[in-house]
Amino acid sequence: VITLHAGVGTEVLFGFSLGVCATIAASTYLLHALLLWVFSHKYESNFRVATSIEGILLQGYFTGALSYLPLASDLSIEGAPKQRFDTHFWTILTMLVGSVVLHTAGSFFSIPLLLAFAPHMLLYVFVISFPLKPLDGSGIFAYSKRLWFFVFLLVMLCFLINMPEHFYGIL
């Protein structure tokens, strides 16, 4: 999979096998789905997953290729603008804080697995924060462009500070 990304070196794998990194990437997607489900219940919105059996196999490839957009686009929240905003806002914020905590703990305690998981989560948060339907950023943007800009600015700040340079080739 790494050969599909021109300019991406093996350091993107953090010394782990491709299988471990694909599992980390997939768990980021599953965490996103879990958080959407939890916050959709809390804010009384409807959570939908639209993935066919064939789509799941295709999603596995994209996950292994560190491409999250096809995955995230299968998850959607339906409801009033305020319900969608609350669900998406708290999902993005929870994942963003989680990535910062993982990065900090991984750096402080020198735990390579946390240092590998944190940028995967941060990259995922970066992707879902764009205001494109059905991504999370669209739910925030539809409710308040100013709040979306604040959230996106926060995501970008974390991205610029915490994203390892060798991940830039993926983008």
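**Core and surface of a predicted chain**

The chain has seven helices and two strands. This is a predicted model: local features need pLDDT of at least 70, side-chain atom pairs count only at pLDDT 80 or more, and totals for chains, interfaces and linings use all residues. Residues are numbered from 1 along each chain as its sequence is written, and side-chain values use heavy atoms, with hydrogens and water left out.

Q: What makes a run a helix or a strand here?
A: DSSP runs decide: helices are H or I with at least four residues, strands are E with at least two, numbered from the N terminus. The order along the sequence is α-β-α-α-β-α-α-α-α.

Q: Why is valine 20 called partly exposed?
A: Buried means under 20% relative accessible area, exposed over 50%, and partly exposed in between (1.4 Å probe, protein chains only). Valine 20 has 32% relative accessibility, so valine 20 counts as partly exposed. Its element is helix H1.

Q: What makes a set of residues a nonpolar core?
A: Its members are buried Ala, Val, Leu, Ile, Met, Phe, Trp, Tyr and Cys residues, joined through side-chain atoms within 4.5 Å. The largest such core has 33 residues; Ile92, Met95, Val125, Ile140 and Val155 touch the most other members. Helix H5 gives the most, ten residues.

Q: Which residues does methionine 95 touch, not counting those up to four places away in sequence?
A: Contact means heavy atoms within 4.5 Å. Methionine 95 touches Thr28, Leu31, His32, Leu35, Met121, Tyr124, Val125 and Ile128.
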